[in-house]
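Here are my notes on the model, in the order I would go through them with you at the screen. Please keep the structure open while you read.

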Amino acid sequence: MKIARDFSEPDCIRQLKLDDERAFDALFRHYSALVYRFAYSYLKSRVEAEETVQDCFLKIWEKRQELRDDVPLKGYLFTIAHHAILNQLRRNQHHLRFQTHLATLVPGVATNSAEFSEMEALYLAALERMPPKRRQIFILSRQQGLTYPEIAQQLNLSVKTVEAQIMQSLKFLRAFFRAHGSEVLSLLLLLAVGAV
């Protein structure tokens with residue numbers, strides 16, 4: 001594979017499909033700084049921008065056999081980066097919303113990052129114990145802010161089914177937090193808010 005100044009996308013794609021790590025290195029050298037600047041412009045975090053770069057190039061390597069000669073590699077890479085950035089922004093927004101709600105609903109709760117991390121870990125552990133479809137519906141509602149009709153349309157379900165699944169989620173979470181005992185009230189209050 002030639003050095004970056006002689007970089008050729010078609011050659012790079014052909015070599016990547018042959019599992020040529022030098023082609024991957026050349027691709028990384030050629031585009032990583034651009035992807036980093038793109039990610040940083042949205043995320044404003046060096047660490048998150050670097051993680052985005054790593055995720056993007058890892059995905060390119062994993063999907064190398066599916067790359068098409070007629071699709072510009074740069075465009076594909078930046079599409080992956082765009083999705084990764086949106087996902088990170090959603091996670092950041094959820095994290096901030098979660099922490100802000102805890103602080104405002106019950107003053108003095110989760111006042112430091114260690115306490116907050118413990119509470120968030122408990123919340124995530126509870127989510128993992130839900131059936132996959134119920135968890136998906138709950139996340140779409142409480143973390144991504146979709147309305148019940150939007151969730152129903154996206155998952156091809158009735159609104160009543162979505163409502164029932166959310167109610168089951170809340171019932172399960174209340175029981176889970178009660179069993180684990182710590183800061184239950186604040187978590188229940190948090191889970192009670194959200195767009196319907």
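This is a predicted model: local features need pLDDT of at least 70, side-chain atom pairs count only at pLDDT 80 or more; totals for chains, interfaces and linings use all residues.

1. Leu 155 counts as buried at 14% relative accessibility, where buried means under 20% relative accessible area, exposed over 50% and partly exposed in between, with a 1.4 Å probe and protein chains only. You will find Leu 155 in helix α7, residues 148-155. Helices here are DSSP runs of H or I of at least four residues, strands are runs of E of at least two, and both are numbered from the N terminus. Setting aside neighbours within four places in sequence, Leu 155 is in contact with Lys 133, Gln 136, Ile 137 and Leu 140; contact means heavy atoms within 4.5 Å.

2. Residues are numbered from 1 along each chain as its sequence is written, and side-chain values use heavy atoms, with hydrogens and water left out.

3. How many helices and strands does the chain have? There are nine helices and zero strands. Of the 196 residues, 38% count as buried. Among contacts between residues at least 6 apart in sequence, 58% join residues at least 24 apart.

4. The largest nonpolar core holds 21 residues, and Leu 16, Leu 27, Val 35, Phe 57 and Ile 60 have the most contacts inside it. Such a core is a set of buried Ala, Val, Leu, Ile, Met, Phe, Trp, Tyr and Cys residues joined through side-chain atoms within 4.5 Å. Two or more residues come from each of α1 (9-17), α2 (21-43), α3 (46-62) and α4 (73-105). Beyond its neighbours within four places in sequence, Phe 57 touches Phe 24, Leu 27, Phe 28, Tyr 31, Ser 32, Val 35 and Leu 77. A second, separate core of 19 residues includes Tyr 123, Ile 137, Ala 152 and Leu 155.

5. Do look at α6 (residues 132-142) and α8 (residues 159-180): their axes come within 9 Å and cross at roughly 95 degrees. The two helices are therefore roughly perpendicular to each other, a label for angles of 65 to 115 degrees. From α6 the contact uses Arg 134, Ile 137, Phe 138, Ser 141 and Arg 142, and from α8 the residues include Val 162, Ile 166 and Leu 173. By class, this contact has six nonpolar, four polar and two charged residues.

6. Cysteines next. Zero disulfides turn up in a search of the whole structure, the criterion being a pair of cysteine sulfur atoms within 2.5 Å. Cys 12 is buried, at 0% relative accessible area, and Cys 56 is buried with a value of 0%.

7. Finally, two loop residues to check. Most residues other than glycine have a negative phi. Asp 19, not a glycine, has a positive phi of about 65 degrees; Asp 19 sits in the loop between α1 and α2 and is partly exposed at 41% relative accessibility. Asn 156, also not a glycine, has a positive phi of about 60 degrees. Asn 156 lies in the loop between α7 and α8 and counts as exposed at 72%.

Methods. Axes are lines fitted to C-alpha atoms, for helices over the stretch in contact, and angles run from 0 to 180 degrees between N-to-C directions. Angles under 35 degrees count as roughly parallel, over 145 as roughly antiparallel, 65 to 115 as roughly perpendicular and the rest as oblique. Ala, Val, Leu, Ile, Met, Phe, Trp, Tyr, Cys and Pro count as nonpolar, Asp, Glu, Lys and Arg as charged, and the others, Gly among them, as polar.
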